[in-house]
Amino acid sequence: MTAALMGRLRSDGIGSRALRSAGITIAGFGMSQVLRLGSNLLLTRLLFPEAFGVMAIVMVVMMGLNMFSDVGITPAIMQSRRGDDPAFLDTAWTIQICRGFGLWLVALALAGPAAVWYDEPMLTQYLSVAAFSLVLNGFNPTRLETAHRHLRAGRVTLIELGTQATQLVFGLALAWAWGSIWALVVSGLLGALAQLVYLNLFLSGHRNRPRFEPEAARELVQFGKWIFLS
């Protein structure tokens with residue numbers, strides 16, 4: 001029965017794309033882990049151990065802000081019947097940009113207290129600068145969500161690996177030149193900027209523009225409030 005089911009999946013267009021997309025995603029994840037391991041091994045030779053501890057604090061704060069403020073824009077686009085509607089996508093993109101700026105402002109407000117809490121004065125500067133990547137991420141086009149919606153994982157995986165490789169190259173170069181935590185902070189910003197550029201250059205689809213449609217916003221909020229609460 002399992003073989004018959006797999007045969008039907010392969011003969012079906014959606015099933016074939018799902019299997020292919022899953023295989024590409026798994027392969028991309030494996031390659032991403034190899035790049036991450038290689039970069040960590042090289043960076044530990046160039047930077048002092050405390051740099052990674054301080055940067056870990058920065059990343060924890062940023063990830064916490066991202067998770068706490070998640071309004072489910074990506075799954076909303078993927079599941080909505082209007083997921084390919086330009087007005088819906090532009091409204092989601094506009095909300096995403098506003099969220100990015102809002103998260104950066106919150107990070108700026110938290111930078112000082114975090115520096116006091118961890119007794120690391122420079123954490124104020126590190127977090128303030130690193131958190132600007134949240135603004136850059138807010139400008140990422142909804143073409144990324146559209147690609148996931150239609151199971152086009154190939155180019156997305158290549159862009160993700162290209163972004164990671166770009167950040168790795170800049171991180172190593174800056175760590176060699178500066179030998180400070182700023183190498184990790186700035187390379188993170190450059191990685192976010194590279195992702196934004198690569199998505200706009202190499203991923204086809206609707207080109208977003210600022211727009212706010214009340215009906216689309218209501219659907220996004222209605223879907224996202226449960227994710228936010230969870």
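Predicted model: local features only at pLDDT ≥ 70, side-chain atom pairs only at ≥ 80, totals over all residues.
A salt bridge is taken here as a side-chain nitrogen of Lys or Arg within 4 Å of a carboxyl oxygen of Asp or Glu. Glu213 is located in the loop between α10 and α11 (214–229) and Arg82 in the loop between α4 (73–79) and α5, so the pair ties together parts of the chain that are 131 residues apart in sequence. The two partners fall into separate accessibility classes: Glu213 is partly exposed, with a relative accessible area of 22%, whereas Arg82 is buried, at 17%. Both residues also belong to a network of salt bridges that links Arg82, Asp85 and Glu213.

The whole structure contains four salt bridges. Another of these joins the side chains of Asp84 and Arg149, with an N to O distance of 3.4 Å. Because Asp84 lies in the loop between α4 and α5 while Arg149 lies in helix α8 (residues 143–149), this pair ties together parts that are 65 residues apart in sequence. Asp84 is partly exposed, at 42% relative accessibility, and Arg149 is likewise partly exposed, with a relative accessible area of 22%.

A salt bridge is also formed between the side chains of Arg211 and Asp90, at 3.0 Å from N to O. Distant parts of the chain are again linked, since Arg211 is in the loop between α10 and α11 and Asp90 is in helix α5, 121 residues apart. Arg211 is partly exposed, its relative accessible area being 25%. Asp90, by contrast, has a relative accessible area of 0% and is therefore buried, the cut-off for that class being under 20%.

With regard to overall architecture, the secondary structure of the protein consists of 11 helices and zero strands. The order along the sequence is accordingly α-α-α-α-α-α-α-α-α-α-α. The C-alpha atoms fill a box of roughly 55 × 45 × 35 Å along the principal axes. Of the 230 residues, 38% count as buried. The accessible surface amounts to about 13,000 Å², and carbon and sulfur atoms account for 70% of that area. Among contacts between residues at least 6 apart in sequence, 82% join residues at least 24 apart.

Asn140 is placed in the loop between α7 and α8. With a relative accessibility of 9%, Asn140 counts as buried. When neighbours within four places in sequence are set aside, Asn140 is in contact with Trp93, Gln96, Gln195, Leu196 and Leu199. The C-alpha atoms of Asn140 and Ile97 are separated by 8.5 Å, although the two residues are 43 residues apart along the chain.

A nonpolar patch is present on the surface, formed by Leu193, Val197, Leu201 and Phe202. Together these residues contribute about 370 Å² of accessible area.

Notes:
Residues numbered from 1 in each chain as written. Heavy atoms only, no water. Patch = residues over 30% accessible without salt bridge, like charges linked within 9 Å, V, L, I, M, F, W, Y side chains within 5 Å. Areas by Shrake-Rupley, 256 points an atom, 1.4 Å probe, with all protein chains shown as cover. Helix = DSSP H or I, 4+ residues; strand = E, 2+ residues; numbered from the N terminus. Buried < 20%, exposed > 50% of the residue type's maximum accessible area, 1.4 Å probe, protein only. Contact = heavy atoms within 4.5 Å.
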